[in-house]
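Subject: Structure handover

Hello,

Here is the structure for your files. My notes on it follow below.

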Amino acid sequence: MNTTYSKKLIESKLTSLDQKGQIAFGAACCERMIPNYSAFSQECEWGDVTILRNALDQIWSHIEEKTLLEEKIETLSNLCVKCAPDLDDFRSLLAGHAQNAALSICAVFDYLLTKESERIAQVSAFSVDTVDSHVQEIESMSPSDSDFEKKIRNHPLMEAEINWQFSALTYLNGECTEQEAKSKWSHVISNIGLT
């Protein structure tokens, strides 16, 4: 299993993909965070997952040649920013996961405007950060533990996340179409096991 992760490594691997492939990877990562936002919204009775779902559907459509204009991208991105919870306002661990989900979609929109691979690498990092904080919580880990980082890195959820990301990059670097990517990763179980 590949348990070595860095945002820079993901960014370097992204450069082997064309723009549609990079967008598909970012969208697939977002798909795996949407259920986390939904769980937060239900628990805290705040937010609107349908806004994020619509925005992500628009990204998939963009890949399939229904090009989004800059003004529409900015409008959708602003809506997603408004859906991101302020962590000072919520005690729920899910608030951080929800914030990562919303900001990840914004990062994909940033990529559509800038074509900077770093923006898609940031989506990858948000996904890993979500798993990191979730593992710390469910395992009651203490940052003072000398094996703190190692325990997180070796946790099955973290190993699954990192392996999923590398597998997705390999898949997108193959012969798959954008439609196949959407079919494979649209409406999936979250990166922390929520449905």
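Leaving aside neighbours within four places in sequence, Phe 109 is in contact with Ala 55, Ile 59, Leu 68, Ile 73, Leu 76, Ser 77 and Cys 80. Please keep in mind that this is a predicted model. Phe 109 is also, with Phe 25 and Ile 105, one of the residues that touch the most other members of the largest nonpolar core, which has 60 residues. The element that gives the most to this core is helix H6 (residues 94–114), with 12 residues.

Helix H2 covers residues 19–31 and has 13 residues. From first C-alpha to last, H2 reaches 18 Å, close to the 18 Å expected at 1.5 Å a residue. It is mostly covered, with 11 of its 13 residues buried; among them are Phe 25, Gln 22 and Glu 31. At the N-terminal end, Asp 18 caps H2, with a side-chain oxygen 3.3 Å from the backbone nitrogen of Lys 20.

On charged pairs, the whole structure holds 9 salt bridges. One of them joins Lys 7 and Glu 118, whose closest N and O atoms are 2.6 Å apart. Lys 7 is in helix H1 (residues 7–14) and Glu 118 in helix H7 (residues 117–138), so this pair ties together parts 111 residues apart in sequence. Both are partly exposed: Lys 7 has a relative accessible area of 25%, and Glu 118 has 24%. Glu 118 also meets Arg 119 in a salt bridge, at 3.1 Å from N to O.

Lys 151 and Asp 145 form another salt bridge, with the closest N and O atoms 2.5 Å apart. Through shared partners, salt bridges join Lys 7, Asp 110, Glu 118 and Arg 119 into one network.

Regards

Definitions and conventions:
Residues numbered from 1 in each chain as written. Predicted model: local features only at pLDDT ≥ 70, side-chain atom pairs only at ≥ 80, totals over all residues. Heavy atoms only, no water. Core = buried A, V, L, I, M, F, W, Y, C linked by side-chain atoms within 4.5 Å. Buried < 20%, exposed > 50% of the residue type's maximum accessible area, 1.4 Å probe, protein only. Helix = DSSP H or I, 4+ residues; strand = E, 2+ residues; numbered from the N terminus. Contact = heavy atoms within 4.5 Å. Expected span 1.5 Å × (residues − 1). Polar contact = N/O pair within 3.5 Å; in protein donor to acceptor, adjacent residues only side chain to side chain. Salt bridge = Lys/Arg side-chain N within 4 Å of Asp/Glu carboxyl O.
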